[in-house]
Amino acid sequence: MNTIKMKKLIIEIIATLLALALFGVPFYFVVVNSGKDAAAAARMTLSFPETTQYLDNFRQVITASNSMLIRAFFNSFIISAATIIVLIVIASSAGFVLGRRKGKAVNIISFLVLAGLMVPPAIVPTIWLLRTLGLYKSLTGLILVEAAIMFPFTLLLYRGYVTTIPRELDEASLIDGTGPVKMFSLVIFPLLKPVSVTVTIINAITIFNDFVHPLYFLPGAKNATVQLTLYNFMSTFSTKWNLLYADVLIISIPPLIFFILFNSKIVSGMVAGAVKG
Amino acid sequence: MSKSVQSLYTYTFLLPAGVIYALFFLAPTFLSFFYSLTIWTLSEWRFTGLDNFAIFLSEPSLVIGFRNTLVYATVSASLKVVLGFLLAAFLTSELRTKGFLRSLIYFPNIVSTIAVGIMFSSFLHPSKGIVNVLLALIGIDGPDWLGNPSIALLSVALVDVWKGVGIAMVIFIAGIQAIDRQYYEAARIDGASSFDALRHITLPLSRSSMNTVIMLAFIGGLRSFDLIWVMTKGGPGFTTDLVASIIYKQFQGGFYGIATAGNVILFLIVSAFAIPLYRIITKKEVDL
Amino acid sequence: MKRTVLIALAFVLIAMVAVQAAGKSEGSGDASDPSQQQKIVWLHFANDVQQKGLDAVVEAFEAQHGIDVEIEFRPGGPEGENLVKTRIAANDMPDVLSYNSGSLFQVLNLEKNFVDLSNEPLADRLLESFKATVTDGKGGVYGVPYQPIPAGGIIYNKRVYEELGLSIPLTWAQFIRNSEIIKAAGLVPVIASYKDDWTAQLLILADYFNVEASNPDFAEQYTANEAKFADTPAALRGFEKIQEVYEKGLINKEPMATTYDNAMEMVALGQGVHYPMATWVLAGINEKFPEYIDDIGFFALPGDSADKNGATLWMPNNISIAKTTKNLEAAKLFVDFVVSDEGLAALMSAGAPDGTFAVKGAKLPDTVFPAVKDVLRYVDEDRTAAALEFLSPIKGPNLPQICVQAGLSLKTPLECALEYDRDVEKQAKQLMLPGW
């Protein structure tokens, strides 16, 4: 029995060390190298910085190109927050109806929505449409596109949860003479809070980290998002790896905070979404 | 159910969602079928029939994208499935550090793809990157992971696995935890080894998580763009171009018609795999 | 009732979109109060190597005319080109714009979108070869140069050349011989920085002097779909040269991990001796390794005959005035100032230029880099040709990747040339050129 325990312990230690090497070292590398000077960082070693200059590097990254990064953070926060609000409003109400109703119309709608989960968005026609509406290169335009793209996934989360809410509640409010809007917003929506939390967390991280859609729909320096800024810094800082790593570090902080605060919720939400989806 | 309760579920609730989704997702998708048949400058178009598709299917620099996309999606999805399953099986056993390990392995998921691409571009540097420095310690002369045309695509696919294996693992964990413990008890009484249990109980009963992971990973792989773009830009030459990166390059070059044709092709490829998978999902929902 | 509320909500949403749309097109003009100081907006490349000089030009202009110039930066490359095209289409242009001269500029529908400067006095001061790159072909002149003229060829390390007793090669065979000697000395003969794939094109682009020397009408025939890279031996030579330096082991190790910045360091320190590049690299070398800039020289990319040896010139970027400007007079004053003696003096106040100017009578200071003096010799002896992209509107967008294929010998030069010809065909069709 004891030898089995020992064996288990050894396996566990090896596994932990292996996981640390594979998944921990890369982040450790970024952390130590973002505090070095350009020459030391260019050597790409795992050694601790001899002279740390974190603050100086961060300052350089933040002030680069007319403090583009600050503007980018602002834009990314606005885009993430606004998209989430739009998504919660449209997906919770749609999820409620689709979770309650049955029939051919619901099936067709479900098919169209599921298709959106898999099929890639048609890029150039979307740009053409945004341009026609005067929304190309505007935050509003990107927010609406992001909302449309994230809608299927969000809807499925809501719809799945709605089916677990007893219909008796609806019937009760019908007897009270409450109309649909009031009933939904006062009775059902508060019950959907766990999904709304999940939706917020997952969409916040996805949209904050999104690179492709801002690249296509929000070009131009003024509108940069954090991921676009990081991408552009790759050429600006092509020999200054220390600043590039510092930038990686800075823009990974918001998701990191989210991760620390909501670790278990993110994971369970992802699973719920994935399994249902 | 009474008719009046139905009236509470008014389709009006679908209107805001419908407007946004139809306008910003469905309409462009339908438009793409038309514009893929044109030479298009955004302000004017000229109908050219199937020329754009012919270009896509004949130019070596574009054809390579199909092969690469399938290879990339298959490699990254199958590794995510296998490794994700093994990790999940391991991290559902009794371990002191399992909570920590799960978080650690999941963490790359919440770091942006661009950041991951930058990190691994430096790790894979042929002479200075830590991967080859470590290989040199044990006497192996490591290749130029991203510069050697025969392995660059696989290198990026492996990075994709590194970033995405956590989500596969988490889905498998959820599936495994839902398995009734009694099966394992019974197996142990029958004297089955833990490997037997893994093979004959865990694996078959994780079917539905398996389907989910395969679908997510494979379709994600087919659509993949950002990692390859940050790490190789499709190079050397065109050897790591994916359909999605080709679409972007055509877009950059101002070939809007060809870019849109690429979009339609990607749409068809994804649908070819997604429709069977859609059946699986709807069937599963009936089960629930 | 409730239903109406919801429908109303949906309409509010749509209205929001519409308002945003309307606001966008309305707000595109200059909203500044006319009683305020006059201001022009200049849409310009980010990370311009001579930004300091341009800032000095702006400052001198503001001091002289009391007009503010606000610089708005945009990315370069296809991304920036798209941005400009989009803004033209959206009627959202700034007052003045910097852009690449030649074919890229000429596809922008100059007559419709930009102000013709051919009747302005400044037009007489511009070199004819430059005007040819900013004209619509009907005699209009739509831009003024704000940069020195870059030359493409071989940037090389003079110190190593002296140490090894080498002389400037006048033929490609001599170039290869020199390279073998350099290799034997343990140095990198030819620097390949294919991680930045655009740099792989230089052996083709800078070879155009040699193409034109043997096929004087190539540009014209090429534009008219009568000549191809694959069936013009002189044009095919470029792809062959890229492959040859690889096949003979004359390039550095790790070409796919070597960047433009790495290459500057290699040639400055003499670790690498030849870098196929244009003189715009000099400012960067001077910034990073000022102590080595005097070691750096330039010679033309040699062809196959020593009698015909010359440099390929790029035409400088230009500044143009958008037709939609509401500050036409101020904008004209500005472009005039850029090519005036005061403007050029301000530009050069930030450092010696890395080439001569496309402005008649412009005087260069004696402090120009030695490599620039090398270029001036070709210009003075009239041994120059304009690069193909200034003579023809078609340049295939995939040339960088195709050159990397040749440069790593992934495909034969002929395959690369055929592939590039197809790429060009696509571009020509997109531009709806006659004859394609």
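**Exercise 1.** Identify the residues with which A:Val106 is in contact, leaving aside its neighbours within four places in sequence.

*Solution.* Step 1: two residues are in contact if their C-beta atoms, placed from the backbone, lie within 7 Å. Step 2: with neighbours within four places in sequence set aside, the partners of A:Val106 are A:Leu98 and A:Arg101. Step 3: A:Val106 belongs to helix α4 of chain A, residues 104-118. Helices (H or I, at least four residues) and strands (E, at least two) are DSSP runs, numbered from the N terminus. Step 4: a residue is buried if 20 or more other C-beta atoms lie within 10 Å of its own, exposed if 12 or fewer, and partly exposed in between, with C-beta atoms placed from the backbone. Because 18 other C-beta atoms lie within 10 Å of A:Val106, this residue is partly exposed.

**Conventions.** The model is predicted: local features need pLDDT of at least 70 and side-chain atom pairs count only at pLDDT 80 or more, while totals for chains, interfaces and linings use all residues. Residues are numbered from 1 along each chain as its sequence is written, and chains are lettered from A and ligands numbered from 1 in the order in which they are written.

**Exercise 2.** Describe the surroundings of B:Ala197 and state whether B:Ala197 counts as partly exposed or buried.

*Solution.* Step 1: locate B:Ala197 in helix α10 of chain B, residues 194-205. Step 2: count 18 C-beta neighbours inside 10 Å, so B:Ala197 is classed as partly exposed. Step 3: beyond its neighbours within four places in sequence, B:Ala197 is in contact with B:Tyr184, B:Ala187, B:Ala192 and B:Thr202. Step 4: B:Tyr184 is 13 residues from B:Ala197 along the chain, and their C-alpha atoms are 6.8 Å apart.

**Exercise 3.** Find the buried residues of α5(B) and explain why they line one face of the helix.

*Solution.* Step 1: in helix α5 of chain B (residues 98-106), the buried residues are B:Leu101, B:Arg102, B:Ile105 and B:Tyr106. Step 2: viewed down the axis of α5(B), these residues fall within an arc of 125°, and therefore they line one face. The arc is that of the directions from the helix axis to the C-beta atoms. Step 3: an α-helix has 3.6 residues a turn, so residues three or four places apart point the same way.

**Exercise 4.** Characterise the packing of α4(B) against α8(B).

*Solution.* Step 1: α4(B) and helix α8 of chain B (residues 152-177) pack at an angle of about 40°, their axes being 6 Å apart. Step 2: α4(B) is therefore oblique to α8(B); angles under 35 degrees count as roughly parallel, over 145 as roughly antiparallel, 65 to 115 as roughly perpendicular and the rest as oblique. Step 3: the residues of this contact divide into 20 nonpolar, 4 polar and 2 charged. Ala, Val, Leu, Ile, Met, Phe, Trp, Tyr, Cys and Pro count as nonpolar, Asp, Glu, Lys and Arg as charged, and the others, Gly among them, as polar.

**Exercise 5.** State how many residues of chain B take part in the contact with chain A, and how many in the contact with chain C.

*Solution.* Step 1: the contact between chains B and A takes 70 residues from chain B and 68 residues from chain A. α2(B) provides the largest share of this side of chain B, 13 residues. By class, the side of chain B that touches chain A has 51 nonpolar, 15 polar and 4 charged residues. Step 2: 28 residues of chain B are in contact with 28 residues of chain C. The side of chain B that touches chain C comprises 13 nonpolar, 13 polar and 2 charged residues.

How values were computed: Axes are lines fitted to C-alpha atoms, for helices over the stretch in contact, and angles run from 0 to 180 degrees between N-to-C directions.
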